[in-house]
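This report concerns a single structure, which is shown below.

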Amino acid sequence: MSRTFVTLRSLEGFKFYGRKTIVHNLDPRAKALFITTVFVVSLLFTNLYVLLGLLTVHVPFLLAAGVLRRWVYSIRAGALLAGIIFFANLLTGSGVLPALALTVRFLVLLTTFSLFFMTTSPDDLGLALDRVGLVRWLSRRWLGFPNALSFTFTTAVRLVPTLAVDAQTVIDAQRSRGLELDKGNVLRRIRNYVPILIPLLLVAIRRSLELAEALEARGFPGREDRTSLYELRFKASDYLLVLGSSTVLAVSMWIFVIHPVLRLPF
């Protein structure tokens, strides 16, 4: 399996796959609070055992959502960067445990955002952003209409997996014409990617023009008091996740202030 194929497959760790699981059915606002809690706790503490605990917490969610294999792809993609983080901190004299703790922190953050994007529909995410008062205020202040910012964000979420599919298509087409990507020195490999980047850039420009025409034909951004066909409503599982996340966040901040020893990497 080529390195290029592995890199593109790693993007599946951030691509939404619609399934009928308890994790997919959770409200995106509840999941957003969950990843915010994990993000804050991972930044508060550098204790290795705390970070390993945060990483372990994700396993039941990954199994319940049925996305464990795709999560492995994202971890494989981040393995190189994780190694760089470990050795860079080790060479700066931080020690093995602090370097390992920072590496695990990176894996925790990677896993958290991977789980969120794999189990959250961009449409539901857009609905959630439309309901956030701060987002609506920023949209009116910066862009002049309340739904533009949320639409821009959800479009960006869809863009990366779509470009990955287009890139794989271009690579297959160029390889059928005799292009070799994995042979030669570093400079030669970089030059080999030029026939990939130019068609991919043209495809991206064409998609952007088609999207602009479609938005203009539909009268985007529409009325400010627009309604949605689907409404997000909290369920019992959402309230439970919100309660658990809020409790963990509050307790973690209290422990951070009262017990500074847990800030140490061991």
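## Basis of the model

The model is predicted, so that local features need pLDDT of at least 70 and side-chain atom pairs count only at pLDDT 80 or more, while totals for chains, interfaces and linings use all residues. Residues are numbered from 1 along each chain as its sequence is written, and side-chain values use heavy atoms, with hydrogens and water left out.

## His-24

His-24 lies in the loop between α1 (3-10) and α2 (28-44); helices are DSSP runs of H or I with at least four residues, numbered from the N terminus. With a relative accessibility of 9%, His-24 counts as buried (under 20% relative accessible area, 1.4 Å probe, protein chains only).

Beyond residues up to four places away in sequence, His-24 touches Phe-16, Tyr-17, Arg-19, Lys-31, Ala-65, Val-67, Met-118 and Thr-119 (contact: heavy atoms within 4.5 Å).

## Packing of α2 and α3

Helix α3 spans residues 48-65 and packs with α2 at an angle of about 160°, the axes being 10 Å apart (axes are lines fitted to C-alpha atoms over the stretch in contact, and angles run from 0 to 180 degrees between N-to-C directions). The two helices α2 and α3 are therefore roughly antiparallel (angles over 145 degrees). Phe-34, Val-38, Val-41 and Ser-42 of α2 meet Leu-51, Leu-54, Val-57, His-58 and Phe-61 of α3.

## Ala-164

Ala-164 is placed in helix α8 (residues 148-176) and is buried, at 10% relative accessible area. Its C-alpha atom is separated by 9.6 Å from that of Leu-200, 36 residues apart along the chain.

Technical notes: Buried < 20%, exposed > 50% of the residue type's maximum accessible area, 1.4 Å probe, protein only. Parallel < 35°, antiparallel > 145°, perpendicular 65-115°, else oblique.
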